[in-house]
Amino acid sequence: MKYQSQAVAMPYFIAAIGLFVGQIVFGLILGLQYVVGDFLFPEIPFNVARMVHTNLLIVWLLFGFMGAAYYLVPEESETELFSPKLALLMFWVFLVAGALTIVGYLTVDYATLAQYTGNDILATMGREFLEQPLITKIGIVVVALVFLFNVTMTVLKGRKTAINVVLLLGLWGLAVFFLFSFYNPTNLVLDKYYWWWVVHLWVEGVWELIMAALLAFVLIKVTGVDREVIEKWLYVIIALALVTGIIGTGHHYYWIGTPQYWQWWGSIFSALEPIPFFAMTVFAFNMVNRRRREHPNKAAVLWALGTGVMAFLGAGVWGFLHTLAPVNYYTHGSQITAAHGHMAFYGAYVMVVITIISYAMPILRGRACNSPKAQVLEMWAFWLMTIAMVFITLFLTAAGILQVWLQRVSDSPMPFMAVQDQVSLFYWMREWSGVVFFIGLLAYVASFFVKGEEKATGA
Amino acid sequence: MSGTFTKAMARNIFYGGTVFFFLLFLALTFDTTKALPKTDNRHNITPAVAAGKHIWETRNCLGCHTMLGEGAYYAPELGNVYTRRGPEFIKAWMMSQPTGAPGRRQMPNFNLSDEDLNNLVEFLKYTSEINTQNWPPNIEG
């Protein structure tokens, strides 16, 4: 690696992968609870397992983003990190806070946890994805601010590239919009309205800046294509992302007590949201086709291309599938939503974090790339996880179509639980796909321990 | 992309577009804020509703159920459960959990007091009266 301080990225990446494994274990538990309803009840009720599953996802992606920033920012700025010590300290603070929160979810009754952690002073808990106790939320803000201070100071004293600036904008946006998680009015409609300022403006807003910046960085490194070209693409993609995505928030404002005109704003702008993802796919393939060098890290190139394709499918196509108001009227809050959520998170954010880990980790370990043997295993992991996720999405979509038909479209609508029984075959198939995903993940973890010849072929 | 379209132009489109559409979003938010009293049923928010929402949140109901279509998809929609089942059924249901039926999805018993249960029902009554543009399509949620 070019700068010593980039090494602080390593613990962040390791923690990210560790928590990823935890996330998938809980995913398998949830998938089984869908079909064997009393599995692990009352030890781990569904709502607890789900909270662990989604919160682990968010936390490990944040670890991934931070690690990525600590790796990328010094290299782009051409200077050492402002304070590696601070970065390491924050790593431990975040890891301990995250671990304590998860242990709290699993061992303490949620209402009691709320009582002990100051929820009566400022009630912020019990809302989807923002279930964290108040003290954890404050901890996240502190860690984020110290992290932002550290990377911003680094950029300020070094070179300010487009990639650096876009990454910083994304990360600052992430922190700023998280502040809306502290706003929880009794008025449910207002509560939901601003809840989306965290959730939507993260995943369909500022996170896309982070994702595009990381992808652009890796593409510059592995293809050797001129920076000017890649940075121009970067700006075009994020312009498209925010121009469509900000007003696209409206696709969440159809049925929550907000004015009807959001059905127009939301439908029109969110129908355009696939465009930036499509541009990202074209961009990734274009740059790899125009490569000026053969980078020996084939696995990283595969992850980069995969990110483009899967983000377009998951976020773009599966998002479009149910984003138009007349369609969403029937699909809102069904398994269609779950299908989209899974593939979009995997395709966009999971894969981009693995892309940067795949590129950076060998370098952090003192080599340009892993041995061909390790790379082959990593590529097996890529295909297993990616294909498994495609099937998870397809099965959930099938379940969703049936669910919507039986419960909402049919002339004699069936009750929710009766419908769930009808579609259980698809839940079983989803669970088996989940097992394959887990095998892929284990292969991915194992690939870090495969030694083989150090010298890469085709370098 | 042709040579005439430069990085600086792309950057300007990004900054200009973002600022413009964010301001538009703020304007729409301002308009929505003014319009909300007509649809969000705020005049029925009582201390009991507020207390009920607190119960709703601290029992992590959204971890299994949806509320106006948002939440988890493991258990029925509750935005309209007041209309679907009525207050007495809801209370009796909460008290009789878990069913313990083998292989069936289980809901914990939250050991709520009568007052808690009444507040929760008040909250669910309030949510059922929010103008959701006729969503869900039918009573089953």
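Student: Which residues of α1(A) meet α16(A)?

Tutor: This is a predicted model, to be clear. From α1(A), the residues are Ile17(A), Phe20(A), Val21(A), Ile24(A), Gly27(A), Leu28(A), Gly31(A), Leu32(A), Tyr34(A) and Val35(A). Their partners in α16(A) include Tyr427(A), Trp428(A), Gly434(A), Phe438(A) and Leu441(A).

Student: How does that contact divide into nonpolar, polar and charged?

Tutor: 15 nonpolar, four polar and two charged.

Student: And at what angle do the axes cross?

Tutor: Roughly 160°, and the axes come within 9 Å. An angle over 145° counts as roughly antiparallel, so that is how α1(A) runs relative to α16(A). The crossing is left-handed.

Student: Which of its residues are buried?

Tutor: Pro274(A), Pro276(A), Phe277(A), Ala279(A), Met280(A), Phe283(A), Ala284(A) and Met287(A).

Student: What covers them?

Tutor: The cover includes α7, α8 and α11 of chain A.

Student: Now the interface. How many residues are in contact between chain A and chain B?

Tutor: 62 from chain A, with 59 from chain B. On the chain A side, α2, α4, α7, α8, α12, α13, α14 and α15 each supply at least two residues.

Student: Which one gives the largest share?

Tutor: α8(A), with 11 residues. By class, the chain A side has 36 nonpolar, 16 polar and 10 charged residues.

Technical notes
Residues are numbered from 1 along each chain as its sequence is written. Chains are lettered from A and ligands numbered from 1 in the order in which they are written. This is a predicted model: local features need pLDDT of at least 70, side-chain atom pairs count only at pLDDT 80 or more; totals for chains, interfaces and linings use all residues. Two residues are in contact if their C-beta atoms, placed from the backbone, lie within 7 Å. Helices (H or I, at least four residues) and strands (E, at least two) are DSSP runs, numbered from the N terminus. Ala, Val, Leu, Ile, Met, Phe, Trp, Tyr, Cys and Pro count as nonpolar, Asp, Glu, Lys and Arg as charged, and the others, Gly among them, as polar. A residue is buried if 20 or more other C-beta atoms lie within 10 Å of its own, exposed if 12 or fewer, and partly exposed in between; C-beta atoms are placed from the backbone. Axes are lines fitted to C-alpha atoms, for helices over the stretch in contact, and angles run from 0 to 180 degrees between N-to-C directions. Angles under 35 degrees count as roughly parallel, over 145 as roughly antiparallel, 65 to 115 as roughly perpendicular and the rest as oblique. A crossing is left-handed if the near helix is turned anticlockwise from the far one by less than a right angle, and right-handed if clockwise.
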